Amino acid sequence: MAINFWRWVKGKDGTQTADPVPIEDLCEAYAQYAARDYAFKACVNLVASAVGQCKFKTFRDGTETRGEEHYLWNVEPNQNQNASAFLHKIIWQLFTANEALVIETRRRDGQASLVVADCFEKPEEYPARSNEYRGVAVGQVCYNKTFRENEVLHLKLHHEGVKRTVDALYQSYEKLLGTAMRRYIRANGNHLKVHVDQIARGGENFVETFRAMIEKQVKPFFDGENAVLPEFDGYQYSEFGAGAPSDTTDVRRILEEVLDSTARSFLIPPVLLRGGVESTKDAQKRFLTACVDPICGQLEEEINRKRYGFEQWQRGSYLKIDTSAIGHFDLFENAASVEKLIGSGAYTINEVRAAAGSTELDEAWANAHWMTKNISGIENAANEIGG
């Protein structure tokens, strides 16, 4: 069962409960919450890091350009964030709140800036007019302005938030994880049996005296590296085991299942989250296709329809998010493929250099299309052999 710490520590009406909370239960609940929180944040960070590596390409009249819009999305969206931190915040809002809102502001020098809202009121949706967004806040700044739909970039992940699904899924693992942790602690802990004779049991305030002795004498004996356990008259100690020593296999297996289940809810191949190397290339492709591409596609569509519009889009002015930069590219390992791309005439030298992460050459021949002689039309081949 999921535990709400504040509701547990405080009563339903917000007042302190009369019954104290056992510290062991609180620590166990925190450990279970930490496992779930770690898995969720690991998935979000993996997606955010992938999106942060994407290149935002801007085009004007069909030609790629590097103007203010390009700088805004690839380098500095606002004066307090770089592009990577800005995109990380968008992804975090998407997965935690199931939606993200980006608004445009103006700096003192008049330059446009983009910021991600920390909170905003859920807008009323209208079929025939623009939605309106109120209560928009970024950090400590609350905007009194009402933003219309065409003034914001509103991204929505799913019809139902993935975090709610992950939380519900994790409830089935909480008891298993708690049981495995208790089993490991008991199997590897020290256990002491105390025989108390009848005379000692009949002493005044025996229960309080015995409890105080355990806290002052026995507990420090087990916790200390070097300690002495005094044996009083009427008390006889004997150590007994709790079975064969246990390792962390059960706990680790359950934590791995939590990671795998969380990864699948994000549409992430579990091998990428666990850090394995087997089948990494195939997993990377599935990760891009199922998880990253849909998010980038929605962001790209929202940018083009809000910041460019139909008329500019029709003239060839738009923004395109290139996800090919996510994977590491080894130029020497792919030398044969590079030669085929250039030799087929499909790509220029500068286009291939840009895709490989190299600087472009300021030469006319680097922007020209080249074709090797062993690739030609069938008509030319027929003419060379006399028809």
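Begin by selecting R129 and E132, whose side chains meet in a salt bridge with an N to O distance of 3.9 Å; keep in mind throughout that the model is predicted. Colouring by accessibility sets these two partners apart, because R129 is partly exposed at a relative accessible area of 45%, whereas E132, at 13%, counts as buried, the cut-off for buried being under 20%.

Next, select K306 together with E149, where the closest N and O atoms of the salt bridge are 3.1 Å apart. K306 belongs to helix α10 (residues 280-314), while E149 sits in the loop between β8 (147-148) and β9 (152-156), so the pair ties together parts that are 157 residues apart in sequence. Both K306 and E149 are buried.

Then turn to helix α2 (residues 23-52), which holds both K41 and D37, four residues apart, or about one turn of the helix. Which residue forms a salt bridge with K41? The partner is D37, and the closest N and O atoms of the two side chains lie 3.1 Å apart. K41 counts as partly exposed, with 36% relative accessibility, and D37 is likewise partly exposed, with a relative accessible area of 22%.

Terms used:
Residues are numbered from 1 along each chain as its sequence is written. This is a predicted model: local features need pLDDT of at least 70, side-chain atom pairs count only at pLDDT 80 or more; totals for chains, interfaces and linings use all residues. Side-chain values use heavy atoms; hydrogens and water are left out. A salt bridge is a side-chain nitrogen of Lys or Arg within 4 Å of a carboxyl oxygen of Asp or Glu. Helices (H or I, at least four residues) and strands (E, at least two) are DSSP runs, numbered from the N terminus. Buried means under 20% relative accessible area, exposed over 50%, partly exposed in between (1.4 Å probe, protein chains only).
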